[in-house]
Structures are given as structure tokens and as C-alpha cells.
Amino acid sequence: MSAFDDVLAANAEYAQQFANSGLTGRAARGLAVVTCMDSRIDPLGLLGLAAGDAKILRNAGARVTDDVLRTLVLAVYLLGVERVLVMPHTDCGMAKVTDADVHDLTQLRGVDTRSLEFHTVPDQDAALRHDLTRIRTSPFLPKDLPVGGAIYDVHTGRLVPVAI
């Protein structure tokens with residue numbers, strides 16, 4: 001028995017009724033969403049979207065890292081993205097630790113992670129504002145690209161816009 005038998009079996013059932021073969025890979029609604037990897041977040045569902053409507057970029061803490069910027073450049077110039085929503089969430093594990101905490105935890109298992117930056121979030125509001133500014137001022141993205149931020153409440157399902 002494999003560690004992945006459950007997901008492979010679920011995929012076999014999914015594939016029997018798969019109906020999205022006609023999607024092009026472009027963001028049909030022109031939207032990219034940067035959000036957290038937290039499994040409580042259903043980005044398409046909470047935004048009223050369907051498969052093919054948006055590009056979803058997920059990482060720990062919904063941070064705008066260099067890789068997210070690289071992906072946004074590709075999404076804008078190749079895949080039909082015309083607006084970006086950065087959407088961190090309440091009760092985020094990345095807001096409960098520091099990079100030093102993570103390094104200490106991994107060190108207990110004999111793993112040295114000091115060469116990695118985890119982009120933990122000691123102040124979620126400040127981190128979101130920083131990340132929005134990072135997208136808006138990127139020399140690689142259009143200056144008029146609409147960029148918005150909102151915090152998703154994992155306990156109520158509500159999205160709270162953040163004005164800048």
C-alpha cells in the first residue's frame with residue numbers, strides 16, 4: 001500500500017466525470033489570487049469563481065516572494081491576468097512563529113535551515129501592505145495593474161478588504 005493510494009483512487013473517480021478539458025489555461029476572469037497554503041481556504045469558492053477563472057498562487061503566509069513576482073509576470077504577460085488580489089487569512093500559522101522559531105524547530109531534528117527565509121508574518125497588516133507595495137512598484141509589471149488586498153476570515157468565511 002502506498003502513501004498516496006487514497007488520493008489516486010479519488011482522482012480515478014474525479015477523472016470519470018471530468019468536464020474541464022476545454023479550458024485554455026488563461027485566467028478567464030483576468031484575476032490572480034495570492035493566498036496561503038492553508039487547507040481551510042477554498043479560493044475559488046469564496047470568491048465565486050470556477051475552474052479556469054483565475055490563477056491561484058499559494059504559499060505559506062500568502063507572501064509576495066520573488067517566485068510569486070516571477071509567476072505574476074508570467075500570468076500577466078502570458079495568461080490573461082489583468083488584476084491581482086493578495087489574500088492572507090486570520091489564524092495563520094505563519095503569524096504565530098518567527099523565522100528563528102522555525103530554524104530552532106528544524107534544528108531539533110538535525111536540519112539546518114538557516115539558508116532559508118520563511119517570510120513569517122509578525123504583523124499581518126504590515127506584511128500585506130508591504131506585499132501590495134512590492135507588486136505595485138515592480139518594474140516588471142504594468143504600472144496600471146489593479147492590485148488589491150483583503151484578509152480572509154477562516155472562522156466566518158468573510159473577506160475584509162484592506163485599503164492602502
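**Close-up views of strands and cores**

**View 1. Strand 3 meets strand 4.** Val84 stands opposite Val147 in strand 4. The model is predicted: local features need pLDDT of at least 70, side-chain atom pairs count only at pLDDT 80 or more, and totals for chains, interfaces and linings use all residues. Residues are numbered from 1 along each chain as its sequence is written, and side-chain values use heavy atoms, with hydrogens and water left out. Strands 3 and 4 pair in the parallel sense over 3 bridges (pairing requires at least two DSSP bridges; strands are DSSP E runs of at least two residues, helices H or I runs of at least four, both numbered from the N terminus).

**View 2. Strand 4 meets strand 5.** Strand 5 spans residues 159-162 and pairs with strand 4 in the antiparallel sense over 4 bridges. Gly149 has Val162 as its bridge partner in strand 5. The hairpin has 6 residues between the strands, and Gly157 takes a positive phi near 80° there.

**View 3. The largest nonpolar core holds 21 residues.** Such a core is a set of buried Ala, Val, Leu, Ile, Met, Phe, Trp, Tyr and Cys residues joined through side-chain atoms within 4.5 Å. Among the members touching the most others are Leu72, Val84 and Leu145. Helix 3 (66-78) and helix 5 (124-136) are among the elements giving two or more residues. Helix 3 gives the most, with 5.

**View 4. Leu145 and its contacts.** Leu145 touches Val76, Glu82, Arg83, Val84 and Ile135, not counting residues up to four places away in sequence (contact: heavy atoms within 4.5 Å).

Note on methods
Buried < 20%, exposed > 50% of the residue type's maximum accessible area, 1.4 Å probe, protein only.
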